[in-house]
Amino acid sequence: MRKEYRIFIILSLISQGLCEYGSPCTTTDNVAGICVPVKSCKPAFDFFAQLRESGRVITFSEREEIQSLHCGTFRGVAHICCDPSKLQLNPDGVSLLEKQKCGIYLTNRVTYGYEAKLMGYPWMALLVYDDERDPYKCGGSLISEQHVLTAAHCVRGRESSIMYVRLGEHRKSTAIDCVKLGPKTTCAPEPLEVGIQDFILHENYRSVYNDIALLRLERKVAPDVHIKPICLPIYENLRSLEHEQYVISGWGRTETGASSDVLRVAIVPHVDVATCQNYLRPFGLTYQLNSTHICAGAKNLVDTCKGDSGGPLGYTDIYNGSSRFVQYGVVSVGVSNCGERNVPGIYANVSHYMQWITDHIHEDDTSPKTTVAPRESPETTEINSRSLEEPCLTPLNSSGFCVPYSKCSLFQQWDIKYGGNLPPTIQEYIKRAQCPKTDDNLILYCCEPETIVTAPIKERSGNGLNLYLNPMQDFHSQLNVEGFDILSGQRCGTDNGNRIAGGNITMLAEFPWMALLIYQGPSGEEFRCGGSLITSRYVLTAAHCLRIAYPLIGVRLGEYNTSTEEDCMKMGPKLKCNPPAENFGVETTILHPEYNRRERVNDIALIKLDRNVEFKKHIEPICLPIYSNIVWTQTDDDFLIAGWGYMEDGHASDVLLKAQIKQLPINKCSEAYSIDASKFRYLCAGDEELGRDTCRGDSGGPLIQFAPYNNRRRFIQYGVVAIGRNACKLTSTLPGAYTHVSYYMPWITNNIVN
């Protein structure tokens with residue numbers, strides 16, 4: 001048995017105390033102590049370190065003393081009672097923070113509430129709430145690959161309404177953030193939206209006191225040019241510093257009173273606590289401020305405002321020998337008149353809370369936390385066996401049995417599918433499935449053997465043969481013969497409409513290949529991406545549509561108006577109606593094996609439906625470029641786009657819309673999005689005069705052309721919506737970048753063969 005595990009067993013086999021983290025206790029020397037993790041108590045840490053180095057066995061008297069200090073096991077970590085004067089920052093937490101590259105910033109002159117430099121503050125986080133009127137109530141800061149620091153008042157009582165954290169944001173109203181510097185346009189990668197696995201509030205939070213919280217993300221976030229963690233004062237010399245001024249940043253209300261769409265930064269002077277107390281007393285501050293607070297502001301109307309709660313207050317310092325941006329405060333309290341002259345804001349003092357932070361961040365698996373101590377004794381096993389398989393009701397009111405997490409096959413399948421990075425909706429289901437605790441405090445979950453919860457979907461990376469088309473070789477020799485026969489042997493791309501350009505409403509069944517991807521969102525089923533039916537069993541879409549926070553649960557075909565049960569349209573004196581739309585389950589998702597979201601390459605995927613589609617007038621496949629004479633298109637060719645995405649005024653459309661655009665030179669997309677679009681196999685298209693383009697709600701949808709196809713004129717799909725902007729504003733002329741389907745025909749024909 002490993003020595004570290006043996007040490008943990010010593011602590012965990014004894015009776016669990018009633019204390020919690022940070023609660024008062026009494027040491028063996030009758031000194032008032034606090035309950036902390038073993039590694040945070042220096043005498044205990046040094047003792048176990050010496051024990052490991054020497055290799056000797058712990059004595060009976062030593063074990064008795066350690067056991068007498070044990071005050072509980074919380075979040076799977078043994079805690080002991082420790083003299084406050086002998087505390088040290090938790091070495092595990094410090095190691096996690098110290099080993100990462102943090103606080104790397106782009107220099108930027110900051111004055112009175114100026115717009116931040118693009119990607120200049122890559123640690124900024126937005127908490128996104130389920131509130132259409134005000135989704136961005138708070139901010140935060142990324143402090144590790146899996147932790148965001150924010151204010152407790154942003155979280156308390158709102159846990160169920162926080163949908164996810166957005167990282168890498170700059171301008172809230174655009175999907176791709178770009179700035180023009182001289183003749184060049186620089187763009188940041190797309191922001192990242194990550195679900196939350198755990199909310200950790202300070203146990204003694206009350207009003208202005210201990211207003212600090214951690215969000216543990218559902219998965220680790222890979223550093224990128226626009227997403228990097230901020231440094232924290234883990235070194236003692238940093239915690240002892242007091243700066244004359246600090247930098248604040250956020251999207252809150254500006255000095256004009258309006259909410260800012262773009263990230264703004266400002267320099268604010270430090271204000272001592274006593275002066276701050278006097279400043280704020282006329283504005284209703286009745287609490288006594290102390291060393292756990294920092295005050296800053298009170299000059300030139302600069303202050304953090306509503307919407308910036310939870311955001312960082314920091315400054316540049318020498319951090320481990322390099323100049324880095326270090327966070328010293330968390331936006332806590334401001335006065336009701338945001339930006340009031342000579343009135344500072346109050347911040348939680350991060351230096352004071354480094355003990356708490358390092359005690360609560362850890363690097364391990366991302367499975368849901370169950371605070372259960374190891375049970376090794378036969379007596380405990382007997383108790384547990386009597387607790388198992390009690391009847392219960394699942395969150396969907398289906399009959400089930402209470403079993404350990406590891407015994408529920410549904411949970412295990414989810415873990416396999418998501419690699420431990422469970423989407424928020426599944427996390428919520430598991431949380432609600434928890435059975436009442438047993439007498440021995442074992443946590444069990446209500447599990448239905450044949451549950452009707454969203455079935456786990458198999459995922460594979462696709463056939464690795466012939467991933468791309470080689471334009472220098474014979475076209476047909478690169479296609480899978482069986483796949484070609486499937487595509488060429490079906491009726492496809494039928495013209496059922498009038499092909500009117502300009503963002504018009506479509507006719508009924510005009511684009512019968514259009515698909516809507518159904519996700520399990522926080523409020524139920526949601527449409528978040530599109531796709532196209534290409535055979536009786538497969539839908540073509542974008543790979544990034546299968547990598548969002550919510551689980552894919554189905555595909556809808558034959559839809560026209562998402563707000564009506566029956567789709568009808570008056571044509572002259574007659575009322576014509578479509579048959580009902582049809583929902584399909586998902587058997588398998590197939591991503592291109594070399595898809596890379598960060599580098600925006602190979603953004604293409606297939607969805608295998610759970611059953612064959614019966615073709616009807618409103619449900620038919622689109623043609624693909626399977627013949628050598630239709631593989632390539634040319635600049636200025638006309639194309640059609642269609643979708644239910646954002647319209648020109650920024651609102652989603654219930655009705656399927658269409659618009660005509662032209663193929664543009666590939667360098668237009670390369671310049672717009674700072675990518676090598678030709679190398680990455682994109683097709684560039686848009687309307688440089690009116691700015692018509694597909695929008696974020698149409699990701700994964702088709703770019704099509706009406707052209708000759710096997711001696712007939714048919715609609716042929718040449719692109720999959722990959723990169724575009726987030727609103728169809730006619731004043732914007734950025735083109736859209738579409739995954740070029742022709743390049744992927746070998747991969748597609750290989751993977752549609754059963």
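Start by selecting the open sheet of 7 strands, whose order is β12-β9-β6-β7-β8-β14-β13 with antiparallel pairing (strands are DSSP runs of E, at least two residues, numbered from the N terminus; two of them pair if DSSP finds at least two bridges between them). At its edges are β12 (192–194) and β13 (196–201), each pairing on one side only. From one strand to the next, the twist averages 30 degrees (axes are lines fitted to C-alpha atoms, and angles run from 0 to 180 degrees between N-to-C directions).

A word on the model: it is predicted, with local features needing pLDDT of at least 70, side-chain atom pairs counting only at pLDDT 80 or more, and totals for chains, interfaces and linings using all residues. Residues are numbered from 1 along each chain as its sequence is written, and side-chain values use heavy atoms, leaving out hydrogens and water.

Next, select β8 (residues 147–150). His147 and Leu149 on one side, and Val148 and Thr150 on the other, are all buried (under 20% relative accessible area with a 1.4 Å probe, protein chains only). Strand β7 (residues 138–144) runs antiparallel to β8, joined by 3 bridges; the two form a hairpin with 2 residues between them. Look for Ser144, whose bridge partner in β8 is His147.

Now move to β14. β8 pairs with β14 in the antiparallel sense over 4 bridges, and Leu149 stands opposite Leu214 there. β13 and β14 (residues 213–217) are also antiparallel, over 5 bridges, with Leu201 opposite Ala213.

Definitions and conventions:
Buried < 20%, exposed > 50% of the residue type's maximum accessible area, 1.4 Å probe, protein only.
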